[in-house]
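Trainee: I'm new to this structure and would like a close look at a single part. Could you pick an enclosed space, then show me what sits around it?

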Amino acid sequence: MVVMFEKWVLALIWLQLSWSGPGSCGKVLVWPMDHSHWINLKFILNELASRGHNVTVLVPSMTFLIDPTERSALNYEVYPSTFQKNDWWDLFESFIYLVTSEMPRLSSWQGTAKLNEIFLYFAQKIREVCRSVALNQELRKKLQEADFDVLITDPAIPCGELIAEILEIPLVHTLRFSPGNKMEKYCGGLPSPLSYVPSILTGLTDRMSFVQRLINTLLSLYFDFWLDQLGEKEWDQLYSEVLGRPTTLCEIMGKAEMWLIRTYWDFEFPRPYLPNFEFVGGLHCQPAKPLPEEMEAFVQSSGEHGIVVFSLGSMVKNLTEEKANLIAAALAQIPQKVLWRYKGKQPATLGPNTKLYDWIPQNDLLGHPKTKAFITHGGTNGIYEAIYHGVPMVGIPMFADQPDNIAHMKAKGAAAEVDFSSMTTDDLLGALDAVINEASYKESALRLSRIHHDQPTKPLDRAVFWIEFVMRHKGAKHLRPASHSLTWYQYHCLDVVAFLLGCAALGLFVVARCCLFCCGKLGRTGRKRKRE
């Protein structure tokens, strides 16, 4: 009888869970960005799917790392892309060749001009893709009928916020940064005092001299102007056309309920932030898993010297022959074994201690007890894996946020930097020697690791919580600051300043008139007495 009762209780519990489960789950639409951004975002999406949410990813017919045909818990809605595969590859290869081969030989103005050409072309193509999706009535109807609860977007590729506005569903951003922090500052309302919050891509820290604060201010103004030249007006026109009312990209982007920033205070400098901004850096990091047998054997053969892990990320697959030989010659002189992710031609100076791989399990290698250092281009994902496992770094930054990321790690004592364009074999060798043999680098890396692990909740759980929070409450308007309803002059209280200055001027005018009146009256009285 007791056994039967227990069975009935278990059956009722299972029935309750199966009945209430779907009710607490929602439908998630995703506007992603490719490459390393997708690697990070996919962890969030897989976690949402594992919790029972229905996740649909909007992807173009041409992608790099996003594979709509893979077996997974995610659903993919593929739309025809106006950007052909050859166009993508040509643009991508041109960009990589420019930053790895041409930029070192060009002046800063020439390099900036060439980068602008690529960015302008890229922005134009992305707008074409956005227009084709937003005006696709069949796709639009299908998405509206799906009745999504939230849209997650990476604003590095605009348009996701426009889709959310069309579907009238809450919006959540996930990003590392926007150029010049413009989206966060002006669209999200994030306070960014230039006196101690360095503009992105400047390589500055929060401890700035007068000259550095001057540079920070000028570069911040430059980024604002530069972004205006990269088609922001064209985006405003597109959004106004699609929505049928005057609007701007920044207005629509600023309607996001939450901004999930892919950093944390182990990486960031202390700064003010808003309640609808959440820092979730390192959400993709995991404990190390066992290495493949052949790779483990090579690692173990390093003995007491240990290993060095070397990767320039998923975008830079090869280097010029000169640069590859320079790097290989430096690696050949260290006692450690080196695992180098590299698809280019084998360098002639490659030493017996260095092994090339098309792909490496980076997180698992960084978590291996024999790892002494990590040579990295400075991508956020790789830096966070190094922080997670407490591994000091040698940074060879090349583009995007990489110089800024390495500057943060240098300021925190966990990395040494080598300039990619001018480095010599001795430069790389010296940086490696310092990071491996000077105890301060390892101590700083372990300190950052302790800070990262000492959080009340894991970054991934925090990111998923806020997405679910937005779904449960159909938004998070109570977390949005009132600054969104203010004009720029109201935000800076310039109208108040103007009023006070006006009052002061009026007061001075009245006092001056009174003084003149009194002086004139006294003068007339004096002359009258003199005549008498």
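## The largest cavity and its surroundings

Mentor: Let's start with the largest cavity, which has 20 residues in its lining, with Arg176, Asn181, Ile200, Glu268 and Arg271 lying nearest its centre. A cavity here is a set of points, on a 1 Å grid over the protein atoms alone, where a 1.4 Å probe fits but cannot get out, and lining residues have an atom within 4 Å of a point. Bear in mind that this is a predicted model: local features need pLDDT of at least 70 and side-chain atom pairs pLDDT 80 or more, while totals for chains, interfaces and linings use all residues. Residues are numbered from 1 along each chain as its sequence is written, and side-chain values use heavy atoms, leaving out hydrogens and water.

The largest cavity holds about 230 Å³ of space, and the structure has 4 cavities of 30 Å³ or more. Sorted by class, the lining of the largest cavity is made of 11 nonpolar, 3 polar and 6 charged residues. Strand E7 (277-279) and helix H14 (residues 402-411) come up here: E7 and H14 each give at least two residues to the lining of the largest cavity. Helices (at least four residues) and strands (at least two) are DSSP runs numbered from the N terminus.

Asp404 is buried, at a relative accessible area of 2%, where buried means under 20% and exposed over 50%, with a 1.4 Å probe. Setting aside neighbours within four places in sequence, Asp404 is in contact (heavy atoms within 4.5 Å) with Arg176, Ser199, Ile200, Leu201, Thr202 and Gly203.

Now go over to E7. Asn276 sits in the loop between strand E6 (258-261) and E7. It's another buried residue, with a relative accessible area of 0%. Beyond its neighbours within four places in sequence, Asn276 touches Ala256, Glu257, Met258, Trp259, Leu479, Arg480 and Pro481.

Next, an open space to set beside the cavity. The second largest pocket has about 750 Å³ of space; a pocket is an open set with protein on both sides within 12 Å along at least five of seven lines. Its lining counts 26 residues, and Lys185, Tyr186, Trp488, Tyr491 and His492 lie nearest the centre. Helices H7 (182-187), H8 (210-243), H9 (249-253) and H18 (488-491) each give two or more residues to that lining, and H8 has the largest share, with 4. By class, the pocket's lining has 10 nonpolar, 11 polar and 5 charged residues.

Two loop residues are worth a glance too. Asp147 has a positive phi, near 55°, without being a glycine; you'll find it in the loop between helix H5 and strand E4 (150-153). Cys159, also not a glycine, has a positive phi of about 125°, in the loop between E4 and helix H6 (160-167). Asp147 is exposed at 56% relative accessibility, whereas Cys159 is buried at 0%.

Finally, zoom out. The protein has 19 helices and 13 strands, and buried residues make up 49% of its 532 residues. Of the contacts between residues at least 6 apart in sequence, 65% join residues at least 24 apart.

Definitions and conventions
Grid points are joined across faces, edges and corners, and a volume is the space filled by probe spheres set on the points. Ala, Val, Leu, Ile, Met, Phe, Trp, Tyr, Cys and Pro count as nonpolar, Asp, Glu, Lys and Arg as charged, and the others, Gly among them, as polar.
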